Amino acid sequence: MAPVPYLLLLLLPLLRVSADELEPCQLDDEDFRCVCNFTDPEPDWSSALQCMVAVEVEIRGGGRSLEQFLKKANSDPKQYVDMVRALRLRRLTVGAAQVPSQLLVAVLHVLGYSRLKELTLEDLEVTSLLPPPPVKDPGPALSTLRIHNVSWATGGAWLSKLQQWLKPGLRVLNIAQTHPLAFSCAQLRTFPTLTTLDLSDNPGLSERGLTTALCPHKFPALQDLALRNAGMETPSGVCAALAAAGVQPHRLDLSHNSLRAAASDDPRCVWPRTLNSLNLSFAGLEQVPKGLPPKLSVLDLSCNRLNRAPRPDELPEVSNLTLDGNPLLDPGALKHQEDPMPSGVVPACARSALTVGVSGTLALLQGARGYA
Ligand SMILES: *[C@@H]1O[C@H](CO)[C@@H](O)[C@H](O)[C@H]1NC(C)=O
Ligand SMILES: *[C@@H]1O[C@H](CO)[C@@H](O)[C@H](O)[C@H]1NC(C)=O
Ligand SMILES: *[C@@H]1O[C@H](CO)[C@@H](O)[C@H](O)[C@H]1NC(C)=O
Ligand SMILES: *[C@@H]1O[C@H](CO)[C@@H](O)[C@H](O)[C@H]1NC(C)=O
């Protein structure tokens with residue numbers, strides 16, 4: 001072995017250790033994923049240069065303001081265009097920072113020359129008002145946009161403003177822990193290709209908020225609507241919000257909301273005819289709520305507090321029913337004579353992995369088919 005590479009081999013373990021300790025950015029061995037965490041008070045920003053080769057990049061700003069980059073952002077993007085076009089970047093996460101909105105849109109503008117497909121903004125405070133959209137060359141042609149725990153100085157107009165900085169074609173939009181969700185519907189353009197809207201983990205949303213978040217007729221291609229842990233109260237209230245917005249999802253996820261059965265004087269609501277899958281798991285239900293769609297392919301009632309098997313007249317006509325993790329199925333509850341368990345607690349659901357007896361489930365599924 002030639003002396004120089006041999007020396008390098010000897011040094012490598014040392015280099016590796018100091019790199020791990022000091023470098024804010026880490027690139028994996030496949031040059032695929034690069035993660036930067038700029039927590040140091042005087043971070044070495046140039047460390048991010050190694051991420052230029054990566055497909056997946058995640059950058060966290062240590063909660064600091066990125067105002068200092070604003071001057072650079074205002075320079076003419078033409079000088080980077082060729083370099084940006086050559087990037088392998090497909091997925092980008094930007095998190096933990098205060099970002100002036102001018103910087104955000106400048107970055108989007110430059111990324112318009114890249115082949116970025118998925119963008120996640122997480123734990124950000126976007127300060128100042130979002131500027132008007134560019135005359136030409138908007139931002140990237142994203143298929144997926146995730147906004148998690150982002151606050152917007154722009155207020156309810158943020159989504160419509162941000163939308164204008166993206167090329168059309170968005171298929172998945174996921175907005176969690178984000179304010180405000182009362183979008184300015186008049187300014188919002190239609191999302192003609194959006195098939196998945198996920199508003200989960202906005203516990204303050206509620207059915208009233210849903211009515212203002214689902215801008216009427218702006219989501220014509222919607223197939224999946226996820227509202228996990230979004231402060232929903234009754235399936236019929238959600239139905240009313242869908243009807244008001246003219247939204248016609250195929251699958252609706254209402255799991256992890258504490259749902260109650262609708263009061264008997266609730267006006268009956270007509271569910272979208274397209275709806276064939278409804279998820280009511282982890283909803284604290286003691287009985288099957290009234291006013292469900294009359295016919296479904298999939299109904300998930302797992303991890304509730306159903307004490308007895310639902311009667312056929314309580315259930316919609318459904319071919320695929322899941323009742324795992326209800327006290328009625330719990331082996332502990334079944335042999336309660338010898339081994340009493342606290343009622344209503346199903347350990348499988350605490351772990352959220354459904355390990356309740358498979359045979360029992362199958363029996364119930366068969367029973368359910370019998371009802372249908
Ligand atoms: C970034 O570093 C901070 C401080 O060391 C740490 O608390 C945080 O979990 C890190 N974030 C990621 C995504 O690694
Ligand atoms: C949400 O983002 C802010 C910064 O804008 C951060 O201080 C806060 O810790 C984040 N919340 C969570 C739950 O991560
Ligand atoms: C229903 O939601 C739960 C929890 O969010 C999830 O684990 C389960 O897979 C979902 N069921 C269906 C049929 O998608
Ligand atoms: C029931 O629906 C779930 C979720 O869509 C699916 O994974 C499962 O295979 C279906 N089961 C049957 C028996 O069709």
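**Note on the predicted model**

1. Contacts of Leu145. Beyond the neighbours within four places in sequence, Leu145 touches Leu119, Leu162, Leu166, Leu170, Val172, Leu173 and Asn174.

2. Setting of Leu145. Leu145 belongs to strand β6. Its relative accessibility is 3%, so Leu145 counts as buried, the cut-off being under 20%. The C-alpha atom of Leu145 is 8.1 Å from that of Leu121, a residue 24 positions away along the chain.

3. Helix α4. How many of the eleven residues of α4 are buried? In this helix, which spans residues 101–111, the number is nine. The buried residues are Ser101, Leu103, Leu104, Val105, Ala106, Leu108, His109, Val110 and Leu111. The elements that cover them include the helices α2 (70–73), α3 (81–86) and α5 (158–163). Strands β4 (91–100), β5 (118–127) and β6 (144–152) are also among the cover; β6 is the strand that holds Leu145.

4. The residues around ligand 3 are Arg228, Ser255, His256, Asn279, Ser281, Phe282, Val298 and Asp300. By class, this shell has four polar, two charged and two nonpolar residues.

5. Ligand 3 on its own exposes 360 Å², of which the protein buries 53%.

6. Ligand 1. The residues surrounding ligand 1 are Asn37, Thr39 and Arg60. A polar atom in the side chain of Asn37 is 2.3 Å from an oxygen atom of ligand 1.

7. Confidence. The protein chain has a mean pLDDT of 84, with 81% of its residues at 70 or more. Where does pLDDT stay under 50? One such stretch is residues 11–19, for which the model has three contacts beyond four places in sequence. Another is residues 334–345, with eight contacts beyond four places in sequence.

Key
Residues numbered from 1 in each chain as written. Chains lettered and ligands numbered in written order. Predicted model: local features only at pLDDT ≥ 70, side-chain atom pairs only at ≥ 80, totals over all residues. Heavy atoms only, no water. Near = heavy atom within 4 Å. Areas by Shrake-Rupley, 256 points an atom, 1.4 Å probe, with all protein chains shown as cover. Nonpolar A, V, L, I, M, F, W, Y, C, P; charged D, E, K, R; others polar. Polar contact = N/O pair within 3.5 Å; in protein donor to acceptor, adjacent residues only side chain to side chain. Buried < 20%, exposed > 50% of the residue type's maximum accessible area, 1.4 Å probe, protein only. Helix = DSSP H or I, 4+ residues; strand = E, 2+ residues; numbered from the N terminus. Contact = heavy atoms within 4.5 Å. pLDDT = per-residue confidence, 0-100.
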